[in-house]
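Subject: Structure for your review

Dear colleague,

Please find below the structure that I am handing over to you. I would be grateful if you kept it open while reading the notes that come after it.

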Amino acid sequence: MQLSLHSDYALRVLIYLGSHPGKTVSTREISQGYGISRHHLVRVVQTLGEHGFVELLPGRSGGVRLAQDPNRIRLGDVVMKAEPNLRLVECFDAATNTCPIISCCGLRSLLKGALDEFLRSLNQHTLAELLTPSRRSTLAATFIQLRRLEPAAGRATRREPTPRGKASAD
């Protein structure tokens, strides 16, 4: 199983915002901090906003900031809300399933149990656990260093497919 870029970036955005407590941050700053496409981050931030993890502040001096205390943001909840497809196999979706052995296979229930356990395990942890004082200071220092690097110095923004599998407009 591999999480989509959308989920990966959602977790990264929350870590970035958590390492800048109380600060409103632009998507451009986050994009530069990670060296990833701002276009992709905008979609991720919208998803996080729709689910109440972040607050979106519009306008020229706007940006994004955490909408909840990091102790209340459970990692499994973030993945469940950000992941567009947690169907591990075809038979998870009754509308599109064409598997001829679904009625006698037994694999579906095993995989569903594994997925539930994976999410349950993640939900035992919060964003705050990733933001201990020592990690926060290390993260802040790392982001400052990364923002200083220029793309011409060998750190170009990665070009990936969009997080939900759509063609990139970048």
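Predicted model: local features only at pLDDT ≥ 70, side-chain atom pairs only at ≥ 80, totals over all residues.

Residues are numbered from 1 along each chain as its sequence is written, and side-chain values use heavy atoms, with hydrogens and water left out.

Helix α1 covers residues 5-18; helices are DSSP runs (H or I, at least four residues) numbered from the N terminus. From first C-alpha to last, α1 reaches 19 Å, close to the 20 Å expected for its 14 residues at 1.5 Å a residue (the expected span is 1.5 Å times one less than the number of residues). Of these 14 residues, 11 are buried, meaning under 20% relative accessible area with a 1.4 Å probe, protein chains only. Among them are Tyr9, Val13 and Ile15.

The axes of α1 and α3 (residues 38-50) come within 9 Å and cross at roughly 75°. Axes are lines fitted to C-alpha atoms over the stretch in contact, and angles run from 0 to 180 degrees between N-to-C directions. The two helices are therefore roughly perpendicular (65 to 115 degrees). Their contact (heavy atoms within 4.5 Å) includes Tyr9 and Val13 of α1 and Leu41 and Val44 of α3.

The axes of α1 and α4 (residues 75-82) also come within 9 Å, crossing at roughly 135°. Here the contact includes Leu11 of α1 and Val78 of α4.

Yours sincerely

Terms used. Parallel < 35°, antiparallel > 145°, perpendicular 65-115°, else oblique. Buried < 20%, exposed > 50% of the residue type's maximum accessible area, 1.4 Å probe, protein only.
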